[in-house]
Amino acid sequence: MLQGPIAALLPLEIALVRDRLPVADARRAIARLVGALTLGAMAGGVVMGLVDSAFGNLRLTLLVPAALAVICVPVSFVAVPESRERAGGRVDWAGVMLLGGAMVALLGGVSGAEGGSWGSVRVLGPVALGLVLLAVWVLVELRASEPLVDVRALAARTTAPFYCAAFLFGVLYFGSQAPNSTFYAADPGATGYGFGLSALSISLVLLPGAVGSVVGSLATAAVARRFGYRPTLMAAFGLVALTFLQFAFLHEEIWQMAAGSAFTGLGIGLALGAMPTVIVEASDPSRTGIAAALYNNVKTLGGAVAGGVFAALLGAFLSPSTGEPGEGGYTALWLAASAAAVIALVATAFSRRREA
């Protein structure tokens, strides 16, 4: 709960940037914001790995991001300018409560499937409740004079494909992080796969992917200026699909995984930099923050769904001798992530968004 406001960080930054800069400059600024966020994640992984390796104390390790968050508070007050224009109207509290309740129910239900029990009451009950709340929320938003989310615009052909792609991106982006780390940490002598790496070693092996993400996100504006945002997104998803396919068939050597991670990171960085731009530019300027926040929520929902689906995949390949997931489970997971990237590519290809 305390970390919840972090989800609003990037949407608020994008809203401020779009409020104060012309289109071309805003596009470059959004790419830099995503690049800075990715760079921070990369540095944080390495620093926290070093702290954990040096002191072996979880509390001390978790104090590192806590201290950095505290430093951000005065910086935000002093250095970040306020919006020049503010939209009028009132907060759609009914929409807020219904959407919040639906998201909590859906995420709670999906998280209950991590043991592979998709047909259990603890999964189906919350998911059914979430779908009902979501349906009621849609009806309320359609009738509201000042809705929290413009549902008609959300379902329009100009935006719906990108939200679909964002959901699928969340599936492969968030859903693959923990399994990849457990694959690196697995003892090859006991499981027949993996590399038996420590937390610090895993962060270092993942470094090429993080560097690729930073490079991709920072290069988004330049690439999209030359080829367009839709082709850039399509290329990003295509690259990610190919690299996950490589993971599925070439993962015996650590250099294969590191090289694949670098290209996966490049594709992910391009997607991270391009998707917020195409979504917010399709929305009303006064609702940029809401559009970006909805993109974040859709992406997070994809990650939550992936948590249950990927856990079920790994659980279907448990080794009877060790009780650990078999190598086939990771292969199936990487193939599923590759398929999600392909579907996201197709959704982007069928979009009808007009380039600005």
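This is a predicted model: local features need pLDDT of at least 70, side-chain atom pairs count only at pLDDT 80 or more; totals for chains, interfaces and linings use all residues.
Helices (H or I, at least four residues) and strands (E, at least two) are DSSP runs numbered from the N terminus.

Residues are numbered from 1 along each chain, and side-chain values use heavy atoms, without hydrogens and water. Local features need pLDDT of at least 70 and side-chain atom pairs pLDDT 80 or more, whereas totals for chains, interfaces and linings use all residues.

The axes of H10 (residues 207-227) and H11 (residues 229-249) come within 7 Å and cross at roughly 120°. Axes are lines fitted to C-alpha atoms, for helices over the stretch in contact, and angles run from 0 to 180 degrees between N-to-C directions. The contact (heavy atoms within 4.5 Å) involves Thr220, Ala221, Val223, Ala224 and Phe227 of H10 and Tyr229, Pro231 and Thr232 of H11. Six of these residues are nonpolar, two polar and none charged; Ala, Val, Leu, Ile, Met, Phe, Trp, Tyr, Cys and Pro count as nonpolar, Asp, Glu, Lys and Arg as charged, and the others, Gly among them, as polar.

H10 also meets H12 (residues 254-280), with axes that come within 6 Å and cross at roughly 35°. Residues of H10 in this contact include Gly209, Gly212 and Gly216, and those of H12 include Gly265, Gly269 and Gly273. The contact of H10 with H12 comprises nine nonpolar, 10 polar and no charged residues.

One salt bridge (a side-chain nitrogen of Lys or Arg within 4 Å of a carboxyl oxygen of Asp or Glu) is found in the whole structure. Asp25 pairs with Arg28, with the closest N and O atoms 2.2 Å apart. Because the two residues are three residues apart in helix H2 (residues 23-55), Asp25 and Arg28 are separated by about one helical turn.
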